[in-house]
Amino acid sequence: MRHALGHCNRNLARITVQGMEFSGAAAHSILAQISAELAGTAPDVQAILKTLTRSLSRIRSGTWFAVLLDPDPRTSHVVIAGDSDGDMADYIDKFVKTLAEPTGTPTLMLPQQVIETSSPVLIPSVCFEEFISLLSPAGQNYFLATPTPHAMEAVGVLVVPMRAGGAIIGTLGIFDWHQHPPLTEADVLPVQLVADHVGLALENARLQTALLDHTERVAVIGAIALAISVGQDLPLTLRVVVEQVTARLEVDAADVLLVTEQGNELFVAASAGFHSSSIPNYRLPAGGWQAGAMDWRPHVEHTRHPDRMASNPRRSLFAREGFQTYVSLPLHARGRLVGVLEIFNRSPVGWDQASLDFLEVLGGTVAVAIDYAGASTGGADKRRAGAPSPRLGDLELEIMRQIVEGQTNREIAVKVHRSENTIKFHVRRILEKTGTINRTELARKATREGWL
(Lines give C-alpha, C1' and ligand atoms only; values in the text may rest on other atoms or scores of the structure.)
Protein backbone atom coordinates (compact mmCIF):
# COMPACT_ATOMS: atom_id res chain seq x y z
CA MET A 1 0.00 0.00 0.00
CA ARG A 2 1.38 3.40 -0.98
CA HIS A 3 0.33 6.89 0.14
CA ALA A 4 1.12 10.12 -1.64
CA LEU A 5 0.30 13.19 0.43
CA GLY A 6 1.06 16.75 -0.47
CA HIS A 7 4.04 18.75 0.72
CA CYS A 8 3.51 21.77 2.98
CA ASN A 9 4.33 25.20 1.61
CA ARG A 10 5.52 26.87 4.79
CA ASN A 11 8.75 28.70 5.55
CA LEU A 12 9.80 26.85 8.71
CA ALA A 13 13.47 26.24 9.50
CA ARG A 14 14.72 22.89 8.25
CA ILE A 15 17.69 20.93 9.60
CA THR A 16 19.69 19.67 6.62
CA VAL A 17 21.54 16.38 7.10
CA GLN A 18 23.24 14.50 4.32
CA GLY A 19 22.13 10.87 4.04
CA MET A 20 22.72 7.86 1.85
CA GLU A 21 20.06 6.80 -0.61
CA PHE A 22 18.59 3.29 -0.26
CA SER A 23 18.35 2.54 -3.94
CA GLY A 24 19.93 0.72 -6.84
CA ALA A 25 23.06 -1.34 -6.32
CA ALA A 26 23.38 0.00 -2.75
CA ALA A 27 20.67 -2.39 -1.49
CA HIS A 28 22.89 -5.48 -1.24
CA SER A 29 25.81 -3.54 0.24
CA ILE A 30 23.49 -2.14 2.92
CA LEU A 31 22.23 -5.65 3.69
CA ALA A 32 25.84 -6.90 3.88
CA GLN A 33 26.73 -4.10 6.29
CA ILE A 34 23.75 -4.81 8.55
CA SER A 35 24.50 -8.55 8.45
CA ALA A 36 28.10 -7.97 9.48
CA GLU A 37 27.06 -5.88 12.49
CA LEU A 38 24.40 -8.38 13.54
CA ALA A 39 26.96 -11.19 13.34
CA GLY A 40 28.69 -9.73 16.38
CA THR A 41 25.47 -9.21 18.32
CA ALA A 42 24.26 -11.57 21.03
CA PRO A 43 21.22 -13.70 20.05
CA ASP A 44 18.92 -11.51 22.12
CA VAL A 45 15.86 -9.69 20.81
CA GLN A 46 16.63 -6.36 22.46
CA ALA A 47 20.29 -6.46 21.42
CA ILE A 48 19.41 -7.27 17.80
CA LEU A 49 16.87 -4.46 17.55
CA LYS A 50 19.25 -1.92 19.07
CA THR A 51 22.02 -2.94 16.68
CA LEU A 52 19.61 -2.79 13.75
CA THR A 53 18.18 0.68 14.41
CA ARG A 54 21.53 2.20 15.34
CA SER A 55 23.17 0.77 12.22
CA LEU A 56 20.41 2.06 9.96
CA SER A 57 20.52 5.53 11.53
CA ARG A 58 24.23 5.71 10.61
CA ILE A 59 23.40 4.82 7.01
CA ARG A 60 20.50 7.23 6.69
CA SER A 61 19.45 9.98 9.08
CA GLY A 62 16.03 9.61 10.59
CA THR A 63 14.27 7.91 13.47
CA TRP A 64 14.38 4.19 12.74
CA PHE A 65 12.01 1.97 14.68
CA ALA A 66 11.25 -1.73 14.88
CA VAL A 67 8.00 -3.14 16.19
CA LEU A 68 8.16 -6.81 17.12
CA LEU A 69 5.05 -8.84 17.88
CA ASP A 70 5.42 -11.21 20.79
CA PRO A 71 4.34 -14.84 20.26
CA ASP A 72 1.33 -13.99 22.41
CA PRO A 73 -0.23 -10.98 20.59
CA ARG A 74 -2.11 -10.01 23.75
CA THR A 75 1.07 -9.01 25.53
CA SER A 76 3.69 -6.64 24.18
CA HIS A 77 5.39 -5.28 21.12
CA VAL A 78 9.00 -4.22 21.38
CA VAL A 79 9.81 -0.81 19.96
CA ILE A 80 13.38 0.48 19.68
CA ALA A 81 14.23 3.84 18.10
CA GLY A 82 17.59 5.01 16.77
CA ASP A 83 18.49 8.39 15.30
CA SER A 84 21.65 10.30 14.46
CA ASP A 85 19.82 13.34 15.86
CA GLY A 86 20.02 12.71 19.61
CA ASP A 87 17.39 15.29 20.57
CA MET A 88 14.86 13.80 18.18
CA ALA A 89 15.71 10.27 19.34
CA ASP A 90 14.98 11.26 22.95
CA TYR A 91 11.76 12.94 21.87
CA ILE A 92 10.50 9.83 20.05
CA ASP A 93 11.64 7.57 22.89
CA LYS A 94 9.45 9.57 25.29
CA PHE A 95 6.64 9.46 22.71
CA VAL A 96 6.80 5.64 22.62
CA LYS A 97 6.86 5.36 26.41
CA THR A 98 3.88 7.70 26.69
CA LEU A 99 1.84 5.44 24.43
CA ALA A 100 2.92 2.26 26.22
CA GLU A 101 0.34 0.06 27.87
CA PRO A 102 1.20 -1.49 31.30
CA THR A 103 3.08 -4.26 29.51
CA GLY A 104 5.14 -1.77 27.54
CA THR A 105 3.01 -2.09 24.40
CA PRO A 106 2.56 1.18 22.50
CA THR A 107 -0.15 1.61 19.88
CA LEU A 108 1.38 2.95 16.65
CA MET A 109 -1.19 3.38 13.90
CA LEU A 110 1.01 3.06 10.79
CA PRO A 111 2.85 -0.11 11.93
CA GLN A 112 -0.52 -1.56 12.92
CA GLN A 113 -1.83 -0.82 9.43
CA VAL A 114 1.18 -2.53 7.83
CA ILE A 115 0.70 -5.61 10.01
CA GLU A 116 -2.98 -5.83 9.13
CA THR A 117 -2.54 -5.32 5.35
CA SER A 118 0.85 -7.07 4.90
CA SER A 119 1.83 -4.17 2.63
CA PRO A 120 4.44 -1.40 2.99
CA VAL A 121 3.39 2.18 3.63
CA LEU A 122 5.37 4.91 1.89
CA ILE A 123 4.61 8.59 2.44
CA PRO A 124 7.40 10.55 0.74
CA SER A 125 6.33 13.82 2.32
CA VAL A 126 3.41 14.93 4.42
CA CYS A 127 2.72 18.21 6.15
CA PHE A 128 3.65 17.85 9.81
CA GLU A 129 0.10 18.68 10.91
CA GLU A 130 -1.23 15.96 8.60
CA PHE A 131 1.38 13.54 9.95
CA ILE A 132 0.07 14.11 13.46
CA SER A 133 -3.45 13.30 12.24
CA LEU A 134 -2.21 9.84 11.18
CA LEU A 135 -1.38 8.98 14.79
CA SER A 136 -3.60 7.48 17.46
CA PRO A 137 -5.48 9.96 19.72
CA ALA A 138 -2.87 9.44 22.43
CA GLY A 139 -0.10 10.06 19.92
CA GLN A 140 -1.77 13.23 18.68
CA ASN A 141 -2.08 14.50 22.24
CA TYR A 142 1.62 13.92 22.84
CA PHE A 143 2.75 15.82 19.73
CA LEU A 144 0.34 18.67 20.38
CA ALA A 145 1.31 19.01 24.05
CA THR A 146 5.05 18.44 23.63
CA PRO A 147 6.85 20.55 21.00
CA THR A 148 9.50 18.82 18.90
CA PRO A 149 13.11 19.86 19.59
CA HIS A 150 13.34 21.25 16.02
CA ALA A 151 10.69 23.04 14.00
CA MET A 152 9.29 20.61 11.42
CA GLU A 153 7.69 21.56 8.09
CA ALA A 154 7.05 18.05 6.78
CA VAL A 155 8.02 14.43 7.38
CA GLY A 156 8.47 11.35 5.24
CA VAL A 157 7.47 7.87 6.46
CA LEU A 158 8.34 4.38 5.30
CA VAL A 159 7.15 1.26 7.12
CA VAL A 160 7.58 -2.30 5.83
CA PRO A 161 6.43 -5.65 7.26
CA MET A 162 9.01 -7.84 8.99
CA ARG A 163 8.58 -11.51 8.07
CA ALA A 164 9.89 -14.87 9.25
CA GLY A 165 8.77 -18.24 7.94
CA GLY A 166 6.07 -16.63 5.83
CA ALA A 167 4.44 -14.89 8.81
CA ILE A 168 4.55 -11.21 9.72
CA ILE A 169 6.29 -10.82 13.08
CA GLY A 170 6.55 -7.04 13.16
CA THR A 171 7.54 -3.96 11.19
CA LEU A 172 10.61 -1.88 10.38
CA GLY A 173 10.34 1.79 9.49
CA ILE A 174 11.75 5.29 9.46
CA PHE A 175 10.46 8.76 10.24
CA ASP A 176 12.38 10.97 7.80
CA TRP A 177 12.36 14.41 9.41
CA HIS A 178 14.83 16.04 7.00
CA GLN A 179 13.96 14.50 3.58
CA HIS A 180 17.39 15.11 2.09
CA PRO A 181 17.18 13.11 -0.09
CA PRO A 182 13.46 12.33 0.12
CA LEU A 183 12.17 8.78 0.42
CA THR A 184 11.16 7.15 -2.86
CA GLU A 185 9.73 3.87 -4.17
CA ALA A 186 13.33 2.72 -4.69
CA ASP A 187 13.86 2.73 -0.90
CA VAL A 188 11.13 0.17 -0.22
CA LEU A 189 12.97 -2.91 -1.56
CA PRO A 190 16.26 -2.50 0.35
CA VAL A 191 14.45 -1.75 3.62
CA GLN A 192 12.24 -4.79 3.02
CA LEU A 193 15.34 -6.97 2.43
CA VAL A 194 16.84 -5.78 5.71
CA ALA A 195 13.53 -6.32 7.57
CA ASP A 196 13.14 -9.91 6.36
CA HIS A 197 16.79 -10.74 7.07
CA VAL A 198 16.50 -9.39 10.60
CA GLY A 199 13.17 -11.19 11.03
CA LEU A 200 14.97 -14.53 10.70
CA ALA A 201 17.62 -13.45 13.21
CA LEU A 202 14.90 -12.40 15.68
CA GLU A 203 13.07 -15.72 15.34
CA ASN A 204 16.32 -17.59 15.97
CA ALA A 205 16.97 -15.46 19.06
CA ARG A 206 13.46 -16.15 20.35
CA LEU A 207 13.91 -19.89 19.86
CA GLN A 208 17.15 -19.82 21.83
CA THR A 209 15.53 -17.75 24.56
CA ALA A 210 12.59 -20.15 24.73
CA LEU A 211 14.99 -23.09 25.10
CA LEU A 212 16.87 -21.37 27.91
CA ASP A 213 13.60 -20.42 29.62
CA HIS A 214 12.44 -24.03 29.44
CA THR A 215 15.71 -25.22 30.94
CA GLU A 216 15.45 -22.74 33.80
CA ARG A 217 11.86 -23.66 34.49
CA VAL A 218 12.67 -27.36 34.62
CA ALA A 219 15.48 -26.54 37.06
CA VAL A 220 13.09 -24.60 39.33
CA ILE A 221 10.60 -27.48 39.50
CA GLY A 222 13.46 -29.95 40.06
CA ALA A 223 14.91 -27.96 42.96
CA ILE A 224 11.52 -27.69 44.66
CA ALA A 225 10.79 -31.39 44.14
CA LEU A 226 14.17 -32.22 45.67
CA ALA A 227 13.46 -30.02 48.69
CA ILE A 228 10.13 -31.82 49.18
CA SER A 229 11.69 -35.26 48.90
CA VAL A 230 14.59 -34.77 51.31
CA GLY A 231 12.51 -33.69 54.26
CA GLN A 232 9.30 -32.39 55.75
CA ASP A 233 10.63 -28.94 56.67
CA LEU A 234 8.05 -26.64 55.09
CA PRO A 235 9.84 -23.34 55.91
CA LEU A 236 12.96 -24.66 54.17
CA THR A 237 10.96 -25.83 51.15
CA LEU A 238 9.24 -22.46 50.82
CA ARG A 239 12.59 -20.71 51.12
CA VAL A 240 13.83 -22.82 48.22
CA VAL A 241 10.74 -21.81 46.23
CA VAL A 242 11.23 -18.04 46.55
CA GLU A 243 15.00 -18.23 46.05
CA GLN A 244 14.66 -20.37 42.92
CA VAL A 245 11.96 -18.10 41.49
CA THR A 246 13.98 -14.91 42.00
CA ALA A 247 17.28 -16.45 40.86
CA ARG A 248 16.09 -18.26 37.72
CA LEU A 249 12.94 -16.59 36.39
CA GLU A 250 14.02 -12.94 35.99
CA VAL A 251 11.80 -11.98 38.92
CA ASP A 252 12.82 -9.20 41.31
CA ALA A 253 11.01 -10.46 44.42
CA ALA A 254 8.71 -13.27 45.48
CA ASP A 255 6.95 -14.51 48.57
CA VAL A 256 4.68 -17.33 49.68
CA LEU A 257 1.70 -16.57 51.90
CA LEU A 258 0.21 -19.33 54.03
CA VAL A 259 -3.31 -19.55 55.36
CA THR A 260 -3.65 -19.28 59.13
CA GLU A 261 -5.26 -22.04 61.16
CA GLN A 262 -8.54 -20.14 61.22
CA GLY A 263 -8.46 -19.91 57.41
CA ASN A 264 -9.41 -16.23 57.24
CA GLU A 265 -5.95 -14.63 56.98
CA LEU A 266 -2.66 -15.04 55.14
CA PHE A 267 0.82 -14.38 56.50
CA VAL A 268 4.22 -14.29 54.80
CA ALA A 269 5.99 -17.62 55.32
CA ALA A 270 8.97 -17.01 53.00
CA SER A 271 10.22 -14.09 50.90
CA ALA A 272 13.21 -13.09 48.77
CA GLY A 273 14.28 -10.02 46.84
CA PHE A 274 12.60 -7.35 48.98
CA HIS A 275 14.48 -4.25 50.09
CA SER A 276 12.21 -3.70 53.06
CA SER A 277 12.69 -5.69 56.26
CA SER A 278 9.06 -5.32 57.34
CA ILE A 279 7.51 -7.71 54.82
CA PRO A 280 6.62 -10.45 57.36
CA ASN A 281 4.49 -7.97 59.36
CA TYR A 282 1.70 -8.16 56.83
CA ARG A 283 -1.44 -10.16 57.48
CA LEU A 284 -3.93 -10.14 54.65
CA PRO A 285 -7.55 -11.25 54.48
CA ALA A 286 -7.80 -14.55 52.60
CA GLY A 287 -11.27 -13.84 51.21
CA GLY A 288 -9.98 -12.33 47.98
CA TRP A 289 -8.31 -15.63 47.06
CA GLN A 290 -11.10 -17.92 48.25
CA ALA A 291 -12.75 -18.02 44.82
CA GLY A 292 -13.86 -21.00 42.81
CA ALA A 293 -11.68 -23.21 40.63
CA MET A 294 -12.24 -21.04 37.53
CA ASP A 295 -10.36 -18.18 39.25
CA TRP A 296 -7.32 -20.20 40.27
CA ARG A 297 -5.18 -18.93 37.40
CA PRO A 298 -2.38 -16.38 37.89
CA HIS A 299 -3.61 -12.81 38.17
CA VAL A 300 -1.43 -10.02 36.73
CA GLU A 301 -1.67 -6.37 37.79
CA HIS A 302 0.32 -3.29 36.76
CA THR A 303 0.86 -0.32 39.04
CA ARG A 304 0.71 2.04 36.05
CA HIS A 305 -3.03 1.91 36.66
CA PRO A 306 -3.32 3.37 40.20
CA ASP A 307 -7.07 2.78 40.28
CA ARG A 308 -6.50 -0.97 40.00
CA MET A 309 -4.10 -0.88 42.97
CA ALA A 310 -6.22 1.43 45.13
CA SER A 311 -7.82 -1.48 46.97
CA ASN A 312 -4.51 -3.28 47.54
CA PRO A 313 -3.69 -3.10 51.27
CA ARG A 314 0.04 -3.03 50.45
CA ARG A 315 0.10 -0.18 47.97
CA SER A 316 2.59 1.65 50.23
CA LEU A 317 4.90 -1.37 49.96
CA PHE A 318 4.59 -1.30 46.16
CA ALA A 319 5.54 2.38 46.13
CA ARG A 320 8.46 1.90 48.53
CA GLU A 321 9.83 -1.11 46.65
CA GLY A 322 9.20 0.38 43.21
CA PHE A 323 7.17 -2.59 41.98
CA GLN A 324 5.42 -2.09 38.64
CA THR A 325 4.22 -5.62 37.87
CA TYR A 326 2.54 -7.98 40.31
CA VAL A 327 1.42 -11.58 39.83
CA SER A 328 -0.57 -13.52 42.41
CA LEU A 329 -1.25 -17.23 42.14
CA PRO A 330 -3.65 -18.87 44.62
CA LEU A 331 -2.39 -22.25 45.82
CA HIS A 332 -5.08 -24.90 46.19
CA ALA A 333 -4.79 -28.45 47.43
CA ARG A 334 -7.70 -30.89 47.63
CA GLY A 335 -10.14 -28.10 46.81
CA ARG A 336 -9.08 -25.65 49.51
CA LEU A 337 -6.85 -22.58 49.60
CA VAL A 338 -3.54 -23.33 51.35
CA GLY A 339 -1.57 -20.26 50.33
CA VAL A 340 -0.65 -17.72 47.65
CA LEU A 341 2.51 -17.38 45.57
CA GLU A 342 3.30 -13.72 44.78
CA ILE A 343 5.78 -12.46 42.19
CA PHE A 344 6.96 -8.85 41.83
CA ASN A 345 8.93 -6.93 39.21
CA ARG A 346 10.28 -3.40 39.40
CA SER A 347 9.66 -2.86 35.68
CA PRO A 348 6.66 -3.43 33.40
CA VAL A 349 6.60 -7.11 32.40
CA GLY A 350 4.30 -8.70 29.86
CA TRP A 351 3.62 -12.24 31.02
CA ASP A 352 2.96 -14.35 27.93
CA GLN A 353 0.72 -17.41 27.94
CA ALA A 354 3.61 -19.89 28.16
CA SER A 355 4.94 -18.15 31.28
CA LEU A 356 1.51 -18.08 32.92
CA ASP A 357 1.04 -21.78 32.12
CA PHE A 358 4.37 -22.52 33.79
CA LEU A 359 3.32 -20.54 36.87
CA GLU A 360 0.28 -22.80 37.15
CA VAL A 361 2.54 -25.85 37.14
CA LEU A 362 4.82 -24.20 39.69
CA GLY A 363 1.85 -23.28 41.86
CA GLY A 364 0.57 -26.85 41.79
CA THR A 365 3.97 -28.11 42.94
CA VAL A 366 4.14 -25.60 45.80
CA ALA A 367 0.57 -26.40 46.86
CA VAL A 368 1.47 -30.11 47.02
CA ALA A 369 4.47 -29.26 49.20
CA ILE A 370 2.31 -27.26 51.61
CA ASP A 371 -0.38 -29.92 51.74
CA TYR A 372 2.20 -32.70 52.15
CA ALA A 373 3.81 -30.90 55.07
CA GLY A 374 0.42 -30.42 56.72
CA ALA A 375 -0.58 -34.05 56.20
CA SER A 376 2.74 -35.40 57.44
CA THR A 377 2.38 -33.47 60.70
CA GLY A 378 -1.26 -34.34 61.23
CA GLY A 379 -2.58 -31.12 59.66
CA ALA A 380 -2.97 -27.68 61.10
CA ASP A 381 -6.11 -28.69 62.93
CA LYS A 382 -4.89 -32.10 64.20
CA ARG A 383 -2.15 -31.91 66.80
CA ARG A 384 -0.03 -34.95 67.46
CA ALA A 385 -0.98 -37.12 70.37
CA GLY A 386 1.44 -36.65 73.23
CA ALA A 387 2.31 -33.12 72.19
CA PRO A 388 -0.34 -30.95 73.85
CA SER A 389 -0.39 -27.23 73.31
CA PRO A 390 1.65 -25.43 75.99
CA ARG A 391 -0.21 -23.22 78.42
CA LEU A 392 0.57 -19.78 77.10
CA GLY A 393 -1.14 -16.48 77.71
CA ASP A 394 -2.54 -14.36 74.89
CA LEU A 395 0.58 -12.17 74.76
CA GLU A 396 2.86 -15.20 74.77
CA LEU A 397 0.86 -16.80 71.95
CA GLU A 398 1.17 -13.63 69.88
CA ILE A 399 4.92 -13.44 70.53
CA MET A 400 5.30 -17.09 69.53
CA ARG A 401 3.33 -16.40 66.36
CA GLN A 402 5.69 -13.54 65.51
CA ILE A 403 8.72 -15.75 66.18
CA VAL A 404 7.37 -18.37 63.78
CA GLU A 405 7.03 -15.64 61.16
CA GLY A 406 10.69 -14.71 61.60
CA GLN A 407 10.34 -11.46 63.56
CA THR A 408 13.16 -10.09 65.71
CA ASN A 409 12.60 -9.00 69.31
CA ARG A 410 12.68 -5.37 68.23
CA GLU A 411 10.07 -5.95 65.51
CA ILE A 412 7.86 -7.90 67.93
CA ALA A 413 8.15 -5.09 70.49
CA VAL A 414 6.81 -2.60 67.95
CA LYS A 415 4.07 -5.00 66.92
CA VAL A 416 2.71 -5.70 70.40
CA HIS A 417 3.55 -2.27 71.90
CA ARG A 418 5.96 -3.54 74.56
CA SER A 419 9.59 -2.77 75.33
CA GLU A 420 12.31 -4.94 73.83
CA ASN A 421 13.38 -6.09 77.32
CA THR A 422 9.82 -7.24 78.02
CA ILE A 423 9.84 -9.27 74.81
CA LYS A 424 13.18 -10.88 75.75
CA PHE A 425 11.69 -11.91 79.11
CA HIS A 426 8.62 -13.47 77.50
CA VAL A 427 10.72 -15.27 74.87
CA ARG A 428 12.71 -16.98 77.66
CA ARG A 429 9.47 -18.01 79.37
CA ILE A 430 8.04 -19.38 76.13
CA LEU A 431 11.18 -21.43 75.47
CA GLU A 432 10.93 -22.88 78.99
CA LYS A 433 7.24 -23.72 78.65
CA THR A 434 7.65 -25.36 75.26
CA GLY A 435 10.82 -27.27 76.11
CA THR A 436 12.77 -25.74 73.24
CA ILE A 437 16.32 -24.39 73.34
CA ASN A 438 16.15 -21.59 70.78
CA ARG A 439 13.84 -19.65 68.48
CA THR A 440 14.51 -21.91 65.48
CA GLU A 441 13.49 -25.04 67.35
CA LEU A 442 10.47 -23.21 68.75
CA ALA A 443 9.31 -22.14 65.28
CA ARG A 444 9.79 -25.65 63.88
CA LYS A 445 8.00 -27.34 66.78
CA ALA A 446 5.12 -24.83 66.87
CA THR A 447 4.54 -25.39 63.15
CA ARG A 448 4.86 -29.16 63.38
CA GLU A 449 2.59 -29.53 66.39
CA GLY A 450 0.00 -27.00 65.19
CA TRP A 451 0.20 -24.77 68.25
CA LEU A 452 -0.90 -21.66 66.38
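Which exposed residues does the face of H14 turned away from its buried side carry? That face holds Asn-421 and Glu-432. Here exposed means over 50% relative accessible area, buried under 20%, and partly exposed in between, with a 1.4 Å probe and protein chains only. Helices (H or I, at least four residues) and strands (E, at least two) are DSSP runs, numbered from the N terminus.

The model is predicted, so local features need pLDDT of at least 70 and side-chain atom pairs count only at pLDDT 80 or more, while totals for chains, interfaces and linings use all residues. Residues are numbered from 1 along each chain as its sequence is written, and side-chain values use heavy atoms, with hydrogens and water left out.

The protein contains 15 helices and eleven strands. Of its 452 residues, 48% count as buried. The protein exposes about 21,200 Å², of which carbon and sulfur atoms supply 55%. Accessible areas come from the Shrake-Rupley method with a 1.4 Å probe; for residues, only the protein chains shown count as cover. Contact means heavy atoms within 4.5 Å. Among contacts with a separation of 6 or more, 67% are accounted for by residues 24 or more positions apart.

Helix H14 covers residues 420–434. Its 15 residues should span 21 Å at 1.5 Å a residue, and the end C-alpha atoms are 21 Å apart, which agrees. The expected span is 1.5 Å times one less than the number of residues. Ile-423, His-426, Val-427, Ile-430, Leu-431 and Thr-434 are the buried residues of H14. They cover an arc of only 145° around the axis, so they sit on the same side of H14. The arc is that of the directions from the helix axis to the C-beta atoms. An α-helix has 3.6 residues a turn, so residues three or four places apart point the same way. Just after H14, Gly-435 takes a positive phi of about 70°.

Helix H12 (residues 394–404) has Glu-396, Ile-399, Met-400, Gln-402 and Ile-403 as its buried residues. Their arc around the axis is only 160°, which puts them on the same side of H12.

A nonpolar core is a set of buried Ala, Val, Leu, Ile, Met, Phe, Trp, Tyr and Cys residues joined through side-chain atoms within 4.5 Å. The largest has 33 residues, and Val-256, Leu-331, Leu-359, Leu-362 and Ile-370 have the most contacts inside it. Elements giving two or more residues to this core include helix H7 (188–230), helix H8 (234–248), strand E6 (253–259) and strand E10 (325–333). Helix H11 gives the most, with nine residues. Leaving aside neighbours within four places in sequence, Leu-362 is in contact with Val-220, Ile-221, Ile-224, Val-245 and Leu-341. A second, separate core has 31 residues, including Ile-80, Leu-122, Val-160 and Ile-169.

The structure holds 19 aromatic pairs. Rings of Phe, Tyr and Trp (its six-membered ring) pair if their centres lie within 6.5 Å; planes under 30 degrees apart count as stacked, over 60 as edge-to-face and the rest as tilted. Phe-274 and Phe-344 form an edge-to-face pair, 5.2 Å centre to centre and with 70° between the planes. Phe-274 lies in the loop between strand E7 (265–272) and strand E8 (283–285), and Phe-344 in strand E11 (residues 336–345), so the pair ties together parts that are 70 residues apart in sequence. Both Phe-274 and Phe-344 are buried. Ring pairs also link a cluster of Phe-65, Tyr-91, Phe-95, Phe-128, Phe-131, Tyr-142, Phe-143, Phe-175 and Trp-177.

Most residues other than glycine have a negative phi, and most peptide bonds are trans. The bond from His-180 to Pro-181 is cis, with omega near 5°. Pro-181 is in the loop between strand E5 (167–176) and H7. Glu-250 has a positive phi, near 55°. This residue, Glu-250, lies in the loop between H8 and E6 and counts as exposed at 72% relative accessibility. For His-417, phi is also positive, near 60°. His-417 occupies the loop between helix H13 (409–416) and H14, and its 69% relative accessibility makes it exposed.

Arg-239 belongs to helix H8. Its relative accessible area of 37% makes Arg-239 partly exposed. Not counting residues up to four places away in sequence, Arg-239 touches Ala-270, Ser-271 and Ala-272. Arg-239 and Ser-271 are 32 residues apart in sequence but 7.0 Å apart in space, C-alpha to C-alpha.
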